[in-house]
Structures are given as structure tokens and as C-alpha cells.
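Thank you all for making time this morning. I would like to walk you through one model, going from a helical span to a single helix and then to the contacts between side chains.

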Amino acid sequence: MPGELERIAQIDDPHELLRVATERLAEAQQEVTELARLRRRLIQELHAQGLSYAQIAHAAGLSRGRIHQIRHTGPAPEGAFLGAGEVTVVTPLRPDPASDRTYVALDDLKTGQRLGDLARTFDLTVNTDHVGLDGGIDLNRAGLLVICGPRMSPAMHEAYGKDPVLEWERDEAGWLLRDTRTGAEHRSGQEDAPPRLYDVGYLGRLPRPDGNGSFLAIAGIHPEGSLGVVHLLTTDIGSLWGQVGNDRFSVVVGTEYSADTHEPVRTELLTPIYRHDEAAT
């Protein structure tokens with residue numbers, strides 16, 4: 001770090017110096033946040049293993065009071081479920097039939113905003129991006145949170161195909177999610193007769209095409225399904241983090257929603273949380 005600071009300080013152009021110093025400061029602040037998150041997680045894990053705060057404090061060279069304070073303050077460990085430092089929320093662009101412009105559907109915008117708001121509560125920096133009209137998206141980036149189903153993007157269709165347990169299918173009735181372990185089909189209530197205020201969504205962490213990491217994928221059969229997945233994350237991310245951490249997984253989420261607002265009223269897991277490392281063995 002002293003060498004990096006010295007390098008930056010030697011930049012002659014004041015405008016370049018200001019730019020580089022600002023960028024490095026932002027990177028350093030992200031590193032501090034993630035180190036604080038890691039430290040809090042380690043203290044929680046050691047305490048859960050049976051060590052007292054006094055024992056942890058002695059090993060760390062800190063006071064018992066300081067260890068207790070770290071355990072209950074700072075960035076929450078479960079924020080790592082979404083990413084580290086900086087994340088990018090991706091939503092699909094749609095063509096405007098009345099003009100040559102493109103737009104983000106209000107439902108997608110709402111889901112993306114709520115996911116971004118959730119990430120910010122964990123002190124993550126949030127950027128936004130879009131799936132192109134042709135379905136194009138670069139999935140070989142860190143920290144991606146992609147809200148897009150297989151219909152709107154060939155790249156996402158291929159990514160979902162890497163799930164070893166859950167499959168997207170489409171028949172004469174519409175889209176469905178199939179659990180290949182049990183053979184169960186999970187469909188939206190909107191296709192029932194009469195229709196029900198119920199939708200189905202996918203939540204999973206899938207491999208990047210380049211094999212260098214993974215990304216979080218969210219998609220509903222209808223927009224209510226995607227919103228339901230984000231609602232589940234908002235209310236139960238700690239449990240999900242405790243079960244899968246940063247490993248690859250997938251699960252089908254059912255959402256009952258309001259007739260007036262289409263807001264989630266109740267969410268439930270319709271399948272086990274499938275860990276892909278276990279599913280492949």
C-alpha cells in the first residue's frame with residue numbers, strides 16, 4: 001500500500017492525480033467494508049463453534065468488549081450472498097412499438113430497484129446494466145445480479161441449461177420449471193382455469209461462461225414471480241446464506257400476490273435448495 005500511495009503521489013498532472021486518487025479511495029473503502037464483513041463473519045462462526053468472546057478476543061489481541069461490538073455492528077456477513085464490494089443489477093431492455101426507443105418495463109424496474117436497495121443495506125456499491133434487445137449480455141463479470149428469464153436472452157437460456165436439477169420448459173400452456181429430481185412441474189397460477197393470484201420464480205447461482213466464477217440469476221414465469229424472489233431475499237437472505245454461502249445452487253420460489261397491487265403477500269420454497277456441487281455427484 002505505501003508503494004501504491006507513493007506511485008499515485010508522483011503523478012504530475014493534477015487532474016489525473018485527482019482522478020486516480022478518487023478511484024483508489026473508492027477501492028480502499030470497498031476493501032475496508034469487505035474486510036469488516038469478513039471479520040464479523042469469522043467472529044460469529046467462532047462463537048457458534050463454542051468459543052467465548054473472551055477466548056476470541058485473546059486470540060485476536062482485542063478486548064472482549066471490542067469483539068462483542070464487532071459481532072453486532074458493521075456490514076452483515078449475509079450480504080456476501082449478493083456479492084463483494086460492487087454488484088451490478090441487470091434487467092432486460094424491451095422495444096417500444098410506438099418509436100425506435102427502448103425501455104425497461106415497469107415491473108422489471110421495480111424488481112431491479114428493490115434488489116439494488118437490498119444490496120445497499122449491506123454496504124455494497126450498486127451499478128445497473130441491461131440485457132440488450134438481441135438478448136446479448138456479458139456474463140463474464142464479477143458481481144452480476146441478473147433479472148432475466150431464458151426467453152429474452154440466448155445467453156441466459158444457455159446459462160440456465162447448466163443447472164443440473166431445475167429446467168425451464170415451454171408447452172402449449174406456457175412456461176414451467178421442472179424439478180428433474182422429482183419430476184414435479186411448477187407452473188404459474190395465471191395459466192390455471194380460473195386464474196390464481198400465484199406465480200413461480202427461479203433463484204440460483206450459475207457458472208459464468210468463462211468458468212471464472214458465478215452470478216446470481218432471478219426470473220419469474222411472470223413479473224410477479226421475479227418480484228416474489230426478491231421479496232424472499234429481502235426477508236430470508238440470512239437463512240439462504242447460511243445454507244449455500246457462495247456456492248452454486250438453485251430453488252423454485254412460489255409467490256402469492258395481491259390482486260390490487262400485484263405485490264407479494266406470501267412466498268414459499270417449492271423445491272429443496274439444491275446445491276449444484278452435491279447434485280453433480
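This is a predicted model: local features need pLDDT of at least 70, side-chain atom pairs count only at pLDDT 80 or more; totals for chains, interfaces and linings use all residues.

Let me begin with residues 18-45, a span that is 100% helix and 0% strand, with its end C-alpha atoms 41 Å apart. UniProt, in an unreviewed entry, places the feature "coiled-coil region" at these residues, 18-45; UniProt positions are given in the numbering used here, feature names are shortened, and annotations may be inferred rather than shown by experiment.

Residues are numbered from 1 along each chain as its sequence is written, and side-chain values use heavy atoms, with hydrogens and water left out.

Helices (H or I, at least four residues) and strands (E, at least two) are DSSP runs, numbered from the N terminus. Helix 5, residues 106-121, has 16 residues and reaches 23 Å from its first C-alpha to its last, close to the 22 Å expected at 1.5 Å a residue, where the expected span is 1.5 Å times one less than the number of residues.

Which residues of helix 5 are buried? They are Asp108, Thr111, Gly112, Leu115, Gly116, Leu118 and Ala119, and they cover an arc of only 155° around the axis, which puts them on the same side of helix 5. That arc is taken from the directions from the helix axis to the C-beta atoms, and buried means under 20% relative accessible area, exposed over 50% and partly exposed in between, with a 1.4 Å probe and protein chains only. As a general point, an α-helix has 3.6 residues a turn, so residues three or four places apart point the same way.

The buried residues of helix 5 pack against several elements, among them strand 1 (86-92), strand 4 (125-131) and helix 7 (223-244), contact here meaning heavy atoms within 4.5 Å. The face turned away from the buried side of helix 5 carries the exposed residues Leu106 and Thr121. Helix 5 is followed by aspartate 123, whose phi is positive, near 65°.

Turning to charged side chains, a search of the whole structure finds 20 salt bridges, each defined as a side-chain nitrogen of Lys or Arg within 4 Å of a carboxyl oxygen of Asp or Glu. In one of them, aspartate 171 meets arginine 187 at 2.5 Å, N to O; this pair links distant parts of the chain, with aspartate 171 in strand 6 and arginine 187 in strand 8, 16 residues apart. Arginine 178 also forms a salt bridge with glutamate 185, the closest N and O atoms being 2.8 Å apart. Within it, glutamate 185 is partly exposed, with a relative accessible area of 40%.

Finally, the aromatic side chains: the whole structure has five aromatic pairs. Tyrosine 160 and tryptophan 168 form an edge-to-face pair, 5.8 Å centre to centre with 65° between the planes. Rings of Phe, Tyr and Trp (its six-membered ring) pair if their centres lie within 6.5 Å, and planes under 30 degrees apart count as stacked, over 60 as edge-to-face and the rest as tilted. Tyrosine 160 is buried at 4% relative accessibility, and tryptophan 168 is buried at 15%. Tyr160, Trp168, Trp175 and Tyr202 form one aromatic cluster.
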